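This briefing concerns helix packing and salt bridges in the structure shown below.

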Amino acid sequence: MTTSTTNYILQAKSDLFHWEGVGQLSIKTFVNGKAFYKTNRGFFGVEEGRYLLLNDGPYTITIEEDQPVESFCIFFKSGFAEDVLRALTDSTDQLISDPSKRSGPVEFYERTYPITPSLTKQLHKTKALHSHLDHTLWEEQYHVLMENLLISHFQQLNEIGSIHAVKSSTREELYRRMTVAHEYIRAYYDRSLTLEEISKIACLSPNHLIRAYSQLYGKTPHRHISEFRIEKAKGLLKDTELSMTVIAFEIGFENPSSFTKIFKQYNGISPTLYRKKVILEKNPITSSFTMKEK
């Protein structure tokens with residue numbers, strides 16, 4: 001049985017899965033679907049192109065998809081982040097004079113992050129080395145990954161500094177609550193979300209949520225919900241033959257007309273014309289569709 005004294009990787013495929021328990025500091029990535037996590041810090045939806053960073057502690061994971069979802073999760077042993085951080089921040093003299101010194105605990109902000117090109121390269125390398133017989137080679141790769149995570153963590157500290165609050169502790173707490181709200185929206189934008197519901201999850205009043213959220217993200221919660229829905233709709237219009245009605249309900253709209261109105265507002269054309277445009281671009285010679293709006 002793997003313990004918190006080991007760095008390790010888990011890979012699996014499943015369309016239906018549920019697990020709850022206690023895990024190590026880890027990053028979660030998925031392909032061909034979405035996984036939902038719940039921790040004592042919030043709710044998270046992890047889809048392709050993003051990764052979830054979780055501190056050690058209890059959590060649940062649920063997958064409910066029509067096709068197998070492939071997971072690739074990396075777990076870091078206890079104290080590993082602290083050791084890498086010390087190597088990055090302490091002077092050479094300090095590292096030599098006391099090589100076994102432990103730094104203070106590292107607490108990451110639990111949220112999903114975009115998988116950058118550099119991280120994509122490192123994840124692919126980690127997968128390739130996973131089955132390598134040379135233990136030292138793939139153990140080194142864990143250090144490279146942790147350095148990437150710590151650098152991203154430092155960048156977030158700059159984001160926190162932009163929040164209007166006198167005390168640094170207040171800025172950090174407000175950032176954490178905004179992250180909780182944002183991740184909840186990202187996870188469940190295809191549901192009928194209300195401002196009161198999101199505010200309750202973030203432990204803020206609705207008015208405070210709107211002001212703080214707009215300050216940090218440059219847009220209101222409602223606009224973010226709409227943008228996530230429209231991006232999802234564009235994917236469904238490109239890659240499926242679902243009807244406009246089905247797509248509208250699939251992404252959280254109450255009726256097709258509302259979907260059409262918002263889609264046109266964001267893209268300048270209706271969803272029907274958008275689908276025709278995509279088909280025409282894929283088959284410029286054989287397509288018989290016209291680009292005339294009806």
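At 30% relative accessibility, Arg-176 is partly exposed, a class between buried (under 20% relative accessible area) and exposed (over 50%), using a 1.4 Å probe and protein chains only. The model is predicted: local features need pLDDT of at least 70, side-chain atom pairs count only at pLDDT 80 or more, and totals for chains, interfaces and linings use all residues. Residues are numbered from 1 along each chain as its sequence is written, and side-chain values use heavy atoms, with hydrogens and water left out.

**Salt bridges**
- Seven salt bridges are counted, each requiring a side-chain nitrogen of Lys or Arg within 4 Å of a carboxyl oxygen of Asp or Glu.
- Arg-176 pairs with Glu-173 in a salt bridge, 2.9 Å from N to O.
- Glu-173 and Arg-176 are three residues apart in helix 5, and therefore separated by about one helical turn; helices are DSSP runs of H or I with at least four residues, and strands are runs of E with at least two, numbered from the N terminus.
- Glu-173 is partly exposed, at 29%.
- A network of salt bridges links Glu-173, Arg-176 and Arg-177.
- Glu-47 forms a salt bridge with Arg-186, with the closest N and O atoms 3.8 Å apart.
- Glu-47 belongs to strand 4 (residues 42–47) and Arg-186 to helix 5, so this pair ties together parts 139 residues apart in sequence.
- Arg-186 is buried at 10% relative accessibility, whereas Glu-47 is partly exposed at 23%.
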